[in-house]
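Please report on the structure below.

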Amino acid sequence: MALSFARPQATRQHLLRAAARQFIEGDVQHWWLPHSGQGVRTRISDDRIWLAFATATYILDTADDAILDEIIPFLEGPQLGLNEQDAFFLPAISDESASLFEHCARGLDQAIELTGSNGLPPIGSGDWNDGMNLVGSEGKGESVWLGWLLLRTIMLFAPLARSRQDPRAERWEAHARRVGVALERKAWDGAWYRRATFDDGTWLGSKDSPECQIDSIAQSWAILSGVADPTRAMTAMQSLEKYLIRYDEALALLFSPPFDKLTQNPGYIRGYPPGLRENGGQYTHAATWAILAFSRLGECNKAHNLFALLNPINHAQNAADVERYKVEPYVMAADIYSVAPHIGRGGWTWYTGAAGWMYQAGIEGILGIHREGHFLRIDPHLPRHWPGFSAEITMDATRYSIEVDIGEPSERQTSIIRLDGVALPPSDAPLRVPLDGGHHQLHITMPCHAP
């Protein structure tokens, strides 16, 4: 999705490549070996949803809805047995092919097929956090985070189905409404959203949980879903900052406290020592979502401060920092350790998931530069101490030289905008300028409001 901004053809190719790793039934290979096609079939739950999410996002960015008609074959292979959580094998290429739209739709159909006793989607053998592979391995555990992702995906993808007169749009949206009600009714814990339930119904990510009392992604995606109760979502992000962001140690934790031995076994995540990797350390991929969430809330200073905290160069400002961090300061680290004697030590580097979301958090979240089909949208969310920024944007044959300045404190609510020296009418809406093949100068003076 990050590449759809400047290299949409690369995103297009990869969406089709990923769709080709989907089984007829709608689930997908969690990972595969490109040279052979061997891969793993699992019960991990979020894999079925991301293709529709990424495809809809790509279409919003590029207006390339023709991609939905691209024909891609399915895979065939043995389904998992009742007691199987995963299987590694070489699937066959099926004789059955379908459009990318149908591939996305089958994933969503499978994602809404079941709900748990709380009305939330099953976590399966893990969701985004596949280290929680035993939380719902019996099929009864539920995921709050997955509920937010599912709602956002249906919000993005259902209009595409409706434009094709596909009746599934109505079914998906009805399901989303039910899940939305269940999230607010069952998942709210008083100051943040819970994370999941075990198969026996025990809550994870609750104030009553002895471990993993609060989990970052259930809070950030309450905002990113666009449907959570606004007051609760704001409170949830305040709790995320209070309990999970350690500015003095330059860490943004995935959850806290780590798993050790106080709860029932959540899965292989507990095989990591407390405070390492997903087990209560910083998992940077998740922390970047918090930047985007703060930006959506208009919490510009918090978004900037977290971006600076995650920026790897800021972990190597002097010899002592270098000795502490121990990994390359010019690429994203997937994880940073949070317990002594390794506090602040970087883990797995050259991690594309974190890098892709960090790019989106900076370009789209903070600078507010976003591609929308044949237009460029500019809606900056700048911290108070910035005087502005400049950017050179090239998209195909279109080039924009952008200058954004912060004006003197005033009561004025709108920006002063000049395109190629000509003043544009004031508006409260985000600015949209055409990608018309020309070379343009865009100057924006944003209003400054006294603290």
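## Structural report

Ile 313 sits in the loop between helix 9 and helix 10 (319-325). Helices here are DSSP runs of H or I with at least four residues, strands are runs of E with at least two, and both are numbered from the N terminus. Ile 313 is partly exposed, with a relative accessible area of 43%. Buried means under 20% relative accessible area, exposed means over 50%, and partly exposed lies in between (1.4 Å probe, protein chains only). Ile 313 and Val 331 are 18 residues apart in sequence, and their C-alpha atoms are 8.4 Å apart in space.

This is a predicted model, in which local features need pLDDT of at least 70 and side-chain atom pairs count only at pLDDT 80 or more, while totals for chains, interfaces and linings use all residues. Residues are numbered from 1 along each chain as its sequence is written, and side-chain values use heavy atoms, with hydrogens and water left out.

**Salt bridges**

The whole structure holds 25 salt bridges. Each is a side-chain nitrogen of Lys or Arg within 4 Å of a carboxyl oxygen of Asp or Glu. Three of them are tabulated here.

| Glu 102 | Arg 168 | 2.7 Å |

Glu 102 forms a salt bridge with Arg 168. Glu 102 lies in helix 3 (residues 100-111) and Arg 168 in helix 5 (residues 168-187), so the pair ties together parts that are 66 residues apart in sequence. Both Glu 102 and Arg 168 are buried.

Asp 127 counts as buried at 1% relative accessibility. Arg 195 is buried at 0%.

Glu 241 is buried, at 17% relative accessibility.

Salt bridges that share partners also build one network from Glu 96, Glu 102, Arg 106, Asp 109, Asp 166, Arg 168 and Arg 171.

The largest pocket has a volume of about 1,600 Å³. Its lining counts 38 residues, of which His 14, Trp 50, His 285, Thr 352 and Gly 353 lie nearest its centre. Helix 1 (8-19), strand 1 (29-32), helix 2 (47-62) and helix 11 (352-366) are the elements that give two or more residues to this lining. A pocket is an open set of points on a 1 Å grid over the protein atoms alone, where a 1.4 Å probe fits, with protein on both sides within 12 Å along at least five of seven lines; lining residues have an atom within 4 Å of a point.

**Surface and cysteines**

Trp 31, Leu 33 and Phe 88 make a nonpolar surface patch of about 300 Å². Patch residues have over 30% relative accessible area and no salt bridge, and nonpolar side chains are joined within 5 Å. Phe 88 is found in strand 4 (residues 86-89). Phe 88 is partly exposed, at 45% relative accessibility.

How many disulfides are there? The count is 0, with a disulfide taken as a pair of cysteine sulfur atoms within 2.5 Å. Cys 212 is buried at 0% relative accessibility. Cys 300 is also buried, with a relative accessible area of 17%.

Definitions and conventions. Patch = residues over 30% accessible without salt bridge, like charges linked within 9 Å, V, L, I, M, F, W, Y side chains within 5 Å. Areas by Shrake-Rupley, 256 points an atom, 1.4 Å probe, with all protein chains shown as cover. Points joined across faces, edges and corners; volume = space filled by probe spheres on them.
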